[in-house]
Amino acid sequence: MVDTAAVMIERETHGAVAVLRLAHGKVNALDLELCEALALALRDEDRADSRAVVLTGAGRAFSAGVDLKRLADGGAAYARRFLPALDAMFCAVLDLSKPLIAAVNGHAIAGGCIVAAGCDHVILARGSARMGITELAVGVAFPALPLAMMAARVSPSQLRAMVYGAETYPPEECLARGLADELCAPESLLPRALEVATKRAAVPAAAYTLTRRSFAEPIYEAVRRQRAIDEAASATWSSDETLAAVRAYLASLAARG
């Protein structure tokens, strides 16, 4: 793994399982560099000797989603570079040929929630962690890929409620809504994730790879069907209206302290 990725993605091994830990700032906000680093780390993992991967976060968050300050400060030029990197990261999550288990140690919001949704099994720590897709509250449109990833994770009625409600949910509600597959105590999170990953790693690699591809292909097909809408939605991220909405959202957060 190259040095730039290693700064943001900590890797350790436990037998046949690799643990990739997001370690970028206070809340692992998704900026251009972290998206590129995670995509690279997952591609590297495909060539590694590991048989399964656990994805988790350092500190108090799994990932709090897109770094809105970087988006607001960087403006249209940054948005045009960031969106392809974000999509490439989501594709790397879907395309990994090995079992991928999310150990959600803290908040997984917006893009962070979508990363978790792309994993095969999501284990959420009990406590104060919240998950949800808050894009519309910020004022940004959903590109096709993240929306299709969420549609593959939760029921249509839940998806509609989550998208338009733009709320975050505590652990028990995440479990009920399908955002998490199981809950566990924070101190048991990594051991439980390793247990699940080790069991999945025992499945013949070719069989597991083809199964992951079978789940990913309908997501990609949905994106292909919505190409025109996707291009329009992605373009709004660099529009003056969207950037103004992001700045207003950040200002409202600052006012609330």
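**Contacts, burial and aromatic pairing in a predicted model**

Ser63 touches Leu22, Val27, Asn28, Leu30, His107, Ala108, Ile109 and Gly112, when residues up to four places away in sequence are not counted, contact being defined as heavy atoms within 4.5 Å. The structure is a predicted model, in which local features need pLDDT of at least 70 and side-chain atom pairs count only at pLDDT 80 or more, while totals for chains, interfaces and linings use all residues. Residues are numbered from 1 along each chain as its sequence is written, and side-chain values use heavy atoms, with hydrogens and water left out.

Ser63 is placed in strand β4, residues 61-63, where helices (H or I, at least four residues) and strands (E, at least two) are DSSP runs numbered from the N terminus. With a relative accessible area of 2%, Ser63 is buried; buried denotes under 20% relative accessible area, exposed over 50%, and partly exposed the range in between, for a 1.4 Å probe and protein chains only. One of the residues that Ser63 touches is Asn28, which is placed in the loop between β2 (17-22) and α2 (32-47). Asn28 likewise counts as buried, at 0% relative accessibility, and its phi is near 55°, a positive value in a residue other than glycine. Most residues other than glycine have a negative phi. A positive phi in a residue other than glycine is also found for Ala166, where the value is near 50°. Ala166 is placed in the loop between α7 (156-165) and α8 (171-177), and it is buried, with a relative accessible area of 13%.

At the level of the whole protein, the secondary structure comes to twelve helices and nine strands. The radius of gyration, 17 Å, is close to the 18 Å that the globule rule gives for 257 residues, so the protein is as compact as a globular protein of that length; the radius is taken over C-alpha atoms, and the rule is 2.2 Å times the number of residues to the power 0.38. The C-alpha trace spans about 50 × 40 × 40 Å along its principal axes. Of the 257 residues, 51% count as buried, and residues 24 or more positions apart account for 75% of the contacts with a separation of 6 or more. The mean positions of the 27 positive and 29 negative charges are 2 Å apart; Lys and Arg count as positive and Asp and Glu as negative, His and the chain ends not being counted, and the place of a charge is taken as NZ of Lys, CZ of Arg, CG of Asp or CD of Glu.

The structure holds two aromatic pairs. Tyr78 and Phe82 form a pair that is stacked, at 5.7 Å centre to centre and with 10° between the planes. Rings of Phe, Tyr and Trp (its six-membered ring) are taken to pair if their centres lie within 6.5 Å, with planes under 30 degrees apart counted as stacked, over 60 as edge-to-face and the rest as tilted. Both Tyr78 and Phe82 lie in helix α3 (residues 68-95), four residues apart, about one turn of the helix, and both are buried. Phe82 also forms a pair with Trp237, one that is tilted, at 6.4 Å centre to centre and with 35° between the planes. Because Phe82 lies in helix α3 and Trp237 in the loop between α11 (227-236) and α12 (240-256), this pair ties together parts that are 155 residues apart in sequence. The relative accessible area is 0% for Phe82, which is buried, and 4% for Trp237, which is buried as well.

Arg80 counts as exposed, at 55% relative accessibility, and its C-alpha atom is separated by 6.6 Å from that of Ser238, 158 residues apart along the chain. Asp95 is partly exposed, with a relative accessible area of 45%, and touches Asp46, Arg212 and Tyr220, residues up to four places away in sequence not being counted. The C-alpha atoms of Asp95 and Tyr220, which are 125 residues apart along the chain, are separated by 11 Å.
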